[in-house]
Amino acid sequence: MAPGRKKSQTNHPLIRTLLVLALSVCVSLIISRLGVGSESIIMVFLLGVLFSTILTNGYVYGVAASVISVILFNFFFTEPRYTLLVYRAIDVMLLLFFLVTAIVSGTITSRLQRQMSISHQSELTARLLYEVSEGFLQVTGISNIAMRGIKYIFDHTGLKNRISLEGGDEVYGQTEADGTAEHGAFSVPIKNASRQIGEIQVFGARDELSFRQELVIKTVAAQLGTALDREYSYREREEIRVAMERERLRSMLLRSVAHDLRSPLTALTGASALLSDEFDRLPEAERKKLASDISDEMIWLTNLVENILNMTRSGENQLVLHKEHEVVDDVVNQAVSHMSRIIQNRPFDVSLPEEVISVEMDGKLIVQVIINLLDNAIKHTPPGSGIALKAFVTDNSAVFEV
């Protein structure tokens, strides 16, 4: 413990002042023996005053060094020497001028040091504020923004803290269970342009904060408000965009459903009206054909409605697969039978495996998939274009290709 006390005593401003003055006296005595005049010796003491002011960073010690330097100069270098008496008027004037010069120079040096210290602190504060502001620009996500604010406060103030957002539903950082709240806590609001969106709870005494610590906390709170406001705005825009996209898809689905329903409904209306109005005059074969067409259109509508329901179930993750072993030929023939009336005006080729192949699948859904592929081929190719349906097996998988 003794070395530590010695070091702290040596660093005391008064000790530094006395050491500088002692060094000034020693240097002055040495150059006095070399024949240097008192006017030059005064410059040594002036330097001592300046060094005392610089080393102590205090105006009071600079003035004290000025007064003590005058006394030492009078004691060692004015006649009669080694006394505090002054006989000659020129020595009195010299001492007065020396005192005034020393005080003025010490005062100016002290003020310059203070200004340099203020400038240095301002530079450090500006760098800190720039670092904090820039740091929040590169962070996205509410959780990441909150944790960045907590880190900045802890790194630059040493105080543990936590952040509560939107009525305290979301809390980030340390909690009272950490044992940090026993030393007290205070809150700083986090605000955006219109309202308070949360608060920072800092564990510590507010009246014990330095100016720099308080500035850091307030700056982080302001930047948190800006960053969180930006994040909330982005989320709102995304929600609006998703809602608009959902509405657009819904409109497209409704238009597609209306378009798909129009053709079979038109055919049903025409066939049923003809059958109803001309039933007695139509040959039996024609009546059977109209009834068959009506039945085919009803099956087509049923499949279409089932397809739409499957699409909605798939989008809501509620589609249940009922897998059973199905023969590939039967699945293909069932799909083709539903599309025969629509495809009959086009060249149509079906290629099936030579062997009878059974595959585990949901046959009903696969039939609907093949129907959809054939329907797309009809819609998106010129009239009269040929369509081919091929089923084959590769790598232990059944492939249906249109």
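## Close-up views of a predicted model

**Salt bridges in this model.** Counted by the rule used here, there are eight salt bridges, a salt bridge being a side-chain nitrogen of Lys or Arg within 4 Å of a carboxyl oxygen of Asp or Glu. Side chains of opposite charge can pair when their charged atoms come close. Please keep in mind that this is a predicted model, where local features need pLDDT of at least 70, side-chain atom pairs count only at pLDDT 80 or more, and totals for chains, interfaces and linings use all residues. Residues are numbered from 1 along each chain as its sequence is written, and side-chain values use heavy atoms, with hydrogens and water left out.

**View 1. Glu123 and Arg127 in helix H5.** Here the side chains of Glu123 and Arg127 meet in a salt bridge, at 2.7 Å from N to O. Both residues belong to helix H5 (residues 89–137), and they sit four residues apart, about one turn of the helix. Helices are DSSP runs (H or I, at least four residues), numbered from the N terminus. Glu123 is partly exposed, with a relative accessible area of 37%, while Arg127 is exposed, at 54%. For these words, buried means under 20% relative accessible area, exposed over 50%, and partly exposed in between (1.4 Å probe, protein chains only).

**View 2. Lys151 and Asp155 in helix H6.** Look for the salt bridge between Lys151 and Asp155, whose closest N and O atoms are 2.8 Å apart. About one helical turn separates Lys151 from Asp155, because they are four residues apart in helix H6 (residues 142–157). Asp155 has 44% relative accessibility, so it counts as partly exposed.

**View 3. Glu238 and Arg241 in helix H7.** The side chains of Glu238 and Arg241 form a salt bridge of 3.1 Å, N to O. These two are three residues apart in helix H7 (residues 211–277), so about one helical turn lies between them. Glu238 is partly exposed, with a relative accessible area of 27%. Arg241 is also partly exposed, with a value of 46%.

View 4. Helix H2 has 21 residues and reaches 31 Å from its first C-alpha to its last, close to the 30 Å expected at 1.5 Å a residue. That expected span is 1.5 Å times one less than the number of residues. The buried residues of H2 are Thr17, Val20, Leu21, Ser24, Val25, Ser28, Ile31 and Ser32. They lie on the same side of H2, because they cover an arc of only 140° around the axis; the arc is that of the directions from the helix axis to the C-beta atoms. On the other side, Leu19, Leu23, Ile30 and Arg33 are exposed. After H2 comes Gly35, which has a positive phi, near 90°.

**View 5. Ser28, a buried residue of H2.** Ser28 is found in helix H2, and at 0% relative accessibility it counts as buried. Which residues is Ser28 in contact with, leaving aside its neighbours within four places in sequence? They are Ile41, Val44, Phe45 and Phe77, where contact means heavy atoms within 4.5 Å.

**View 6. A nonpolar surface patch.** Leu14, Ile15, Leu18, Leu19 and Ile68 make a nonpolar patch of about 400 Å². Patches are made of residues with over 30% relative accessible area and no salt bridge; like charges are joined within 9 Å, nonpolar side chains (Val, Leu, Ile, Met, Phe, Trp, Tyr) within 5 Å. Accessible areas come from the Shrake-Rupley method with a 1.4 Å probe, and for residues only the protein chains shown count as cover. Helix H2 (residues 13–33) gives the patch its largest share, four residues. Ile15 has its place in H2 and, at 33% relative accessibility, counts as partly exposed.
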